[in-house]
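I opened this entry to keep track of what I looked up, item by item. The sequence and the structure come first.

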Amino acid sequence: MRLDPTSPPQWTAALFIAAASILLLYNTLPVGLAYPRAGTCALLLFSLFALPFWWLRRRLAEHLSVPGAALAVVAVWGATVAVMTSLYGSNAVRGLLATAGGPAWAGQWSPVLGAPVVEEVVKAAGVVLGVAIVWDRVRGVLDGVVLGAFCGVGFQIVEGYAFAMSSTVLNRAGDVVEPVVAVFVVRGVLAGLWSHAVFTAIVGAGIAYAATRKTRRSGWVAAASLVGVIALHALWNSPLGRDGFGLGAVGVLAAVAAKGLPAVLIVVWIIRWAKRNEAPAAALSGAAEGFADEERGRPQAALRSGENETVPPRSERAVPRRHRRCPVASVAQGVRSHPDPLSGGRSAVDATVIGASRVVVFLASRTGADQVGRRFGSGTGGEHGQ
Amino acid sequence: MSRKKSLAVSAVVAAVVLALALAVPLLNKAVAPTVDVGGETFTLFEVTITAPAEVHMRPGYYQPESGRVEFLVGDAEVAIAVAEPYEFDADYLAAEMARLLEVQPGVQLTDSRPCTASGVAGSGRSFVTETGAGFACAFVHDQVRAEVTATGAALDESTVDRIDALIDGIAFGEA
């Protein structure tokens with residue numbers, strides 16, 4: 001990804017991230033300064049959230065085309081713009097619900113009806129922007145999955161940090177790390193797997209699908225992915241099963257798994273589907289960039305992986321059956337008019353040749369604990385706090 | 001993607017973010033006028049708060065499940081937070097509140113102030129901000145703690161008296 005001073009998406013991302021970063025620092029820095037030990041501990045612990053996704057990116061490397069810089073941009077968007085927008089938006093939605101149905105009703109249903117909509121929409125907006133920034137490099141659903149996951153994990157890190165600091169502040173027991181560790185265990189270990197990163201990965205898949213297929217139907221798929229994720233998020237935040245169905249801790253864990261597992265399974269299915277139906281990124285690069293190594297019969301992927309000696313010439317290689325349906329892979333094979341079963345039978349070239357393409361705060365008015373508690377303690381997720 | 005399309009995408013993204021971050025909060029303020037809650041009683045865990053006359057509130061600012069409520073007294077905002085159990089005393093709680101206050105940009109702690117809630121003595125600190133003034137009171141009774149933070153552009157004597165009346169309406173269980 002290169003910096004382009006004439007790129008509207010880059011300017012949009014830069015301006016919003018800059019503004020949100022200032023607001024975020026203004027809201028979180030004082031609490032971090034007041035509780036340096038807890039703040040450092042929270043930052044270190046919740047930064048660990050990024051590791052599984054970094055591993056995922058490496059694991060899927062041969063299927064990915066988007067550069068690391070784009071992943072960094074969407075992660076920062078999730079950590080700043082998405083967090084701050086959700087802070088203001090979710091509280092406002094809560095106020096609107098309280099006006100409509102009373103404070104008790106709003107308290108119970110705002111995490112279900114309000115926060116998922118605000119959070120998922122603003123994270124999805126970040127993924128859309130990320131895709132627009134690296135438009136020519138998005139070549140498959142997996143690119144969207146990873147872009148979405150990084151946007152979500154950025155959000156998750158800051159939200160987890162804020163929850164932990166909120167817990168420390170609300171504990172009012174000094175600069176201690178126990179509340180941070182407790183929040184990390186609950187949110188990071190028990191509930192960390194099925195959280196923002198997973199939700200946004202699903203939306204990212206939908207957005208990348210639409211960006212690479214460019215059909216009306218794919219647009220509906222993207223919209224459906226957003227609606228579906230909002231529903232999954234609402235289910236996760238819902239009070240359903242919060243009492244463990246009367247079975248104690250085991251029941252609570254079972255409820256957490258039952259509410260969170262569908263999203264994880266969907267992501268697993270998307271990844272498997274994409275790996276089965278979309279060619280590795282290197283092959284697509286070959287298709288888009290003129291098959292630089294075609295004549296030597298060595299695909300770039302093989303060159304990169306050091307398998308030069310073992311990969312037979314393209315003409316001798318059997319095309320995996322799973323790739324035959326993929327229009328982009330077909331292009332890589334030199335088939336120029338393979339119908340895309342997912343694009344209404346249009347020419348695969350037309351459809352898919354992508355290579356051508358309160359916390360702290362108090363501002364002037366309240367304490368940091370108030371802000372953090374308002375947003376993260378009650379405004380977005382109830383007991384699970386998503 | 002053509003320049004025109006990328007511009008359109010950027011505009012849509014910007015519009016969505018601004019709508020959620022600015023328009024929805026403005027709509028909330030517009031359609032959620034403050035209501036007079038004078039004489040009403042609010043319950044936060046073991047604590048009940050009876051609002052005196054001419055105290056207002058915005059819908060959504062009473063969050064019993066979080067132990068929080070926020071009132072408007074004149075131009076001042078008064079936030080009350082309740083939690084339990086709490087093992088320390090009011091002075092320690094006040095020091096913890098001061099810890100956060102003194103790292104806020106533009107906030108300077110000034111002198112101590114007396115605080116009383118239905119006969120329970122608390123520990124209080126006054127402070128000034130870049131845009132006004134305020135004070136914080138901490139109460140601990142039977143391992144239940146209540147924190148009151150009042151801020152306003154100008155806390156005149158009349159407003160402070162009304163806030164003190166609101167604080168005096170805080171009752172700890174059978175206290």
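My notes below go from the contact between the chains to its salt bridges, then to a helix and a hairpin.

**Ground rules**

I am working with a predicted model, in which local features need pLDDT of at least 70 and side-chain atom pairs count only at pLDDT 80 or more, while totals for chains, interfaces and linings use all residues. Residues are numbered from 1 along each chain as its sequence is written, chains are lettered from A and ligands numbered from 1 in the order in which they are written, and side-chain values use heavy atoms, with hydrogens and water left out.

**Contact between chain A and chain B**

I looked up contact, meaning heavy atoms within 4.5 Å. It takes 58 residues from chain A and 50 residues from chain B. I then looked up buried area, the accessible area (1.4 Å probe) that two parts lose on being put together, summed over both. For chain B and chain A this is about 4100 Å², and carbon and sulfur atoms give 64% of it. Met1(B), Leu20(B) and Leu100(B) supply 15% of the area that chain B buries against chain A, more than any other three residues.

**Salt bridges**

I counted a salt bridge when a side-chain nitrogen of Lys or Arg is within 4 Å of a carboxyl oxygen of Asp or Glu. The general idea is that side chains of opposite charge can pair when their charged atoms come close. The whole structure has 10 salt bridges over all chains, and three are found across the interface of chain B and chain A.

For cover, I used buried for under 20% relative accessible area, exposed for over 50%, and partly exposed in between (1.4 Å probe, protein chains only).

Arg94(A) pairs with Glu65(B), with the closest N and O atoms 2.7 Å apart. This pair runs from helix H4 (residues 68-101) of chain A to the loop between strands S5 (62-63) and S6 (68-73) of chain B. Helices (H or I, at least four residues) and strands (E, at least two) are DSSP runs, numbered from the N terminus. Arg94(A) is buried at 2%, whereas Glu65(B) is partly exposed at 40%.

Arg172(A) forms a salt bridge with Glu147(B), at 2.5 Å from N to O. Because Arg172(A) lies in the loop between H6 and helix H7 (178-190) of chain A and Glu147(B) in strand S11 (residues 144-152) of chain B, the pair joins two chains. Arg172(A) is buried at 2%, and Glu147(B) is buried at 5%.

I also noted Asp4(A) with Arg3(B), where the closest N and O atoms are 3.8 Å apart.

**Helix H6 of chain A**

How far apart are the end C-alpha atoms of this helix? They are 44 Å apart. The expected span is 1.5 Å times one less than the number of residues, so the 31 residues (141-171) should span 45 Å, which agrees. In H6(A), 28 of the 31 residues are buried. Just after H6(A), Arg172(A) has a positive phi of about 50°.

**A hairpin in chain B**

Strands pair if DSSP finds at least two bridges between them. S2(B) and strand S3 (residues 47-50) of chain B pair in the antiparallel sense over four bridges. Phe42(B) has Ile49(B) as its bridge partner. Two residues lie between the strands of this hairpin, and Phe45(B) in the turn has a positive phi of about 55°.

Which residues of S2 (residues 41-44) are on the covered face? Phe42(B) and Leu44(B) are there, with Thr41(B) and Thr43(B) on the uncovered face.
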